[in-house]
Amino acid sequence: MSDDLTVDGATTDGPLAGGLEPGARFRCDQCGNVTRFDVIASERTRRYLHFDLGGSSAVDEEEVLERTVESVTCRWCGRDDAVRVEPAPAGADPVAPA
């Protein structure tokens, strides 16, 4: 199993949520935004599906085998070349895994 994140060819190990490791956040250097971003990502997952007799299903377990973030765009100014990953402020709640 691998929880590696690949952004523009660079790989980061560790548990991930929406393209970030716990304790990290996005920041747009153009406008200062730290809260609103469009993230385009691809995932390869293994899911344990549980079907009831009526045909409805639920995901009982999910394992992310690979996640690749293709782009991150700032919602405020629309720039995708000014977004960077930085440490979250001290004392902030870590990003919870999805």
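Is Phe51 buried or exposed? Phe51 is exposed, with a relative accessible area of 52% (exposed means over 50%, buried under 20%, partly exposed in between; 1.4 Å probe, protein chains only).

The model is predicted, so local features need pLDDT of at least 70 and side-chain atom pairs pLDDT 80 or more, while totals for chains, interfaces and linings use all residues. Residues are numbered from 1 along each chain as its sequence is written, and side-chain values use heavy atoms, without hydrogens and water.

View 1. Phe51 belongs to strand S4, residues 37–51 (strands are DSSP E runs of at least two residues, numbered from the N terminus).

**View 2. Largest nonpolar core.** This core has 10 residues, including Leu20, Phe26, Phe37 and Val83 (buried Ala, Val, Leu, Ile, Met, Phe, Trp, Tyr and Cys joined through side-chain atoms within 4.5 Å). Strands S3 (24–28) and S5 (57–74) each give two or more residues to the core.

**View 3. Salt bridge of Glu43 and Arg67.** Their side chains meet at 2.6 Å, N to O (a salt bridge is a Lys or Arg side-chain nitrogen within 4 Å of an Asp or Glu carboxyl oxygen). Glu43 in strand S4 and Arg67 in strand S5 are 24 residues apart. Glu43 is partly exposed at 45% relative accessibility, whereas Arg67 is buried at 7%.

Conventions:
Helices (H or I, at least four residues) and strands (E, at least two) are DSSP runs, numbered from the N terminus.
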